[in-house]
Amino acid sequence: MAILEVVKHGHPVLVEEVKHVEEIDDEIRTLIDDMIDTMRNGETPAVGLAAPQVGRAMALFVAEPPPDHEGEDAVYQGAVVLINPEIVLGSGHTVVEEGCVSCPGITADVERPARVVIKGLDRDGNEVKLDVDGALARIFQHEVDHLMGKFFFDHINPIKRQLLKSRIRRT
Ligand SMILES: [Zn+2]
């Protein structure tokens, strides 16, 4: 396991089109382990991390809500890995304050569906379909956004967005 460098907003890899993962080989497994290590023990611990955030334009992310989070998704303890993820259903809506390790220094209230059904592959290549709400639903949507070159503030009104983007810490 190794701590990887987390790239910041403005880095081209964050808006690059991600590659579908065709084969889960040792390189991908190492990337996943390193992403989990970086999420847990990096300079700024996070609850989720998408591959572009560590400089790799690939369709995968890791997620791990804080242990005290509420919601029925608490059954998914430990890090969740999703490869080639796709949100197939979203329902309800909630407003939650979000931040991002690639955009240090800013947060915003973001409205998103409260519950999502997401499918993809786990680290062993098994097809999985998860139906989650609470923190995990929120994190999954935030990370899938990263795989499409989007940031949490793309969901807020343009005037607030401009103001927020100007406050992102660059150092
Ligand atoms: Zn983020």
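## The zinc site

Three protein side chains hold out donor atoms to the zinc ion: Cys100 (SG), His142 (NE2) and His146 (NE2), lying 2.0 to 2.2 Å from it. A donor here is an N, O or S atom within 2.8 Å of the metal (3.2 Å for Na, K and Ca), and since water is not among the atoms, sites may look incomplete. Along the sequence, the spacing of these donor residues reads C-x41-H-x3-H.

Before going on, note that this is a predicted model: local features need pLDDT of at least 70, side-chain atom pairs count only at pLDDT 80 or more, and totals for chains, interfaces and linings use all residues. Residues are numbered from 1 along each chain as its sequence is written, and side-chain values use heavy atoms, leaving out hydrogens and water.

His142 and His146 both sit in helix 2, four residues apart, which is about one turn of the helix. Why does that spacing matter for direction? An α-helix has 3.6 residues a turn, so residues three or four places apart point the same way. Helices here are DSSP runs of H or I with at least four residues, strands are runs of E with at least two, and both are numbered from the N terminus.

Helix 2 covers residues 134–147, and its 14 residues reach 21 Å from first C-alpha to last, close to the 20 Å expected at 1.5 Å a residue; that expected span is 1.5 Å times one less than the number of residues. Twelve of the 14 residues are buried, so the helix is mostly covered, where buried means under 20% relative accessible area, exposed over 50% and partly exposed in between (1.4 Å probe, protein chains only). Among the buried ones are Leu136, Ile139, Phe140 and Val144. Both histidines count as buried too: His142 has 9% relative accessibility, and His146 has a relative accessible area of 1%. Just after the helix, Gly149 takes a positive phi of about 75 degrees.

## Helix 1 and what it packs on

Helix 1 runs over residues 26–41, and its end C-alpha atoms are 22 Å apart, which agrees with the 22 Å that 16 residues should span at 1.5 Å a residue. Its buried residues include Ile28, Leu31, Ile32 and Met35. They pack against strand 1 (48–50), strand 2 (60–63) and strand 3 (80–91).

Thr38 is also in helix 1, and at 3% relative accessibility it counts as buried. Which residues does Thr38 touch, not counting those up to four places away in sequence? They are Ala2, Ile3, Leu4, Val6 and Leu49, with contact meaning heavy atoms within 4.5 Å.

## Strands side by side

Strand 2 and strand 3 pair in the antiparallel sense over four bridges; strands pair if DSSP finds at least two bridges between them. Leu60 stands opposite Ile83 in strand 3. Strand 3 also runs antiparallel to strand 6 (residues 115–121), joined by six bridges, and Leu89 has Val117 in strand 6 as its bridge partner.

## The whole chain

Overall, the protein chain has three helices and seven strands, in the order α-β-β-β-β-β-β-β-α-α. Its radius of gyration is 15 Å, close to the 16 Å that the globule rule gives for 171 residues, so the chain is as compact as a globular protein of that length. That radius is taken over C-alpha atoms, and the rule is 2.2 Å times the number of residues to the power 0.38.

The C-alpha atoms fill a box of roughly 45 × 35 × 30 Å, taken along the principal axes. Of the 171 residues, 46% count as buried.
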